[in-house]
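Here are some notes to read alongside the structure. Take them one at a time, and keep the 3D view open as you go.

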Amino acid sequence: MIKNLRRAALAAALLVVPLTAPTPASAQDRAAAYTLPLTAAVQALPLAAEARAGYQRTSFKHWNAGRRPTDGCNTRAEVLLDEAVDLPQILPGCKLSGGRWWSYYDARWVTSASALDVDHMVPLAEAWDSGASQWTATRRESYANDLDAVTSLIAVSAASNRSKSDQDPAEWLPSASGVMCRYISEWTATKLRWGLTADASERETLTQLAEACAGTTVTYEPAP
């Protein structure tokens with residue numbers, strides 16, 4: 001529930017900050033969070049062609065042991081616990097019983113952990129295409145298990161996540177009404193956090209969609 005509140009606050013943030021995406025040069029700079037108008041954030045995405053060659057889902061190790069390696073709950077379970085509107089019971093082996101979640105992609109309540117997927121906001125294949133193919137295995141694991149940014153991983157209905165698959169916003173948007181601005185701001189935040197590129201059709205679509213999202217901002221903290 002706390003993470004849901006943080007996510008809502010993030011989507012609504014209207015902080016006064018630089019209007020161009022900085023390129024932090026030091027560890028201290030990289031620890032800072034930046035907030036941009038959505039239109040400026042989209043334009044800050046580096047433009048590059050995508051390349052799928054060599055992609056394998058196993059190139060991104062997930063789910064790992066999460067924040068607390070000794071508690072038996074992996075990254076997936078920790079996201080579900082963070083985002084539960086009504087907390088589930090935690091059984092031995094971190095099996096979750098009961099609970100209730102809101103899947104914002106399709107505006108559905110979900111009452112079983114097994115009916116949820118934890119979606120990578122920018123899918124693993126899309127990340128690979130957009131620069132992650134050049135990363136180390138350790139960095140890809142960090143990306144796939146990113147619990148440090150509320151926009152990176154999100155619990156949604158399995159049906160909506162599988163409908164999305166590995167598509168970018170030029171190919172897929174959530175079916176629920178009123179969530180498009182949130183979705184593209186979170187997509188853009190994730191790409192900026194990880195230094196990922198956008199191809200021409202993706203950035204053109206994001207640019208057009210952002211015009212309908214006056215007042216929407218993007219907040220991100222560059223990944224270490």
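Is Glu78 buried or exposed? Point 2 has the answer.

1. A word on the ground rules. The model is predicted, so local features need pLDDT of at least 70 and side-chain atom pairs count only at pLDDT 80 or more, while totals for chains, interfaces and linings use all residues. Residues are numbered from 1 along each chain as its sequence is written, and side-chain values use heavy atoms, leaving out hydrogens and water.

2. Let's begin with Glu78. Glu78 is buried, at 1% relative accessible area (buried means under 20%, exposed over 50%, partly exposed in between, with a 1.4 Å probe and protein chains only). Its salt-bridge partner is Arg67, with the closest N and O atoms 3.4 Å apart; a salt bridge is a side-chain nitrogen of Lys or Arg within 4 Å of a carboxyl oxygen of Asp or Glu. Arg67 lies in the loop between H3 and H4, Glu78 in helix H4, eleven residues apart. Helices (H or I, at least four residues) and strands (E, at least two) are DSSP runs, numbered from the N terminus. Arg67 itself is partly exposed, at 37%.

3. Now look at Lys191 and Glu126. Their closest N and O atoms are 2.7 Å apart in a salt bridge, which links helix H8 to helix H5 (residues 124-129) across 65 residues of chain. Lys191 is buried at 0%, and Glu126 is buried at 2%.

4. Next comes Arg52, which forms a salt bridge with Asp166 at 3.1 Å between the closest N and O atoms. The two residues are 114 residues apart, each in a loop: Arg52 between H3 and H4, Asp166 between H7 and H8. Both count as partly exposed, Arg52 at 37% and Asp166 at 29%. In the whole structure there are 13 salt bridges.

5. Tyr55 and Trp128 are edge-to-face because their planes meet at 65°, with centres 6.0 Å apart. Tyr55 is partly exposed at 22%, whereas Trp128 is buried at 8%.

6. Finally, find Arg182: its charged end sits over the ring of Tyr104, 3.6 Å from the centre (NZ of Lys or CZ of Arg within 6 Å of the ring centre and within 35 degrees of the ring normal).

Terms used
Rings of Phe, Tyr and Trp (its six-membered ring) pair if their centres lie within 6.5 Å; planes under 30 degrees apart count as stacked, over 60 as edge-to-face and the rest as tilted.
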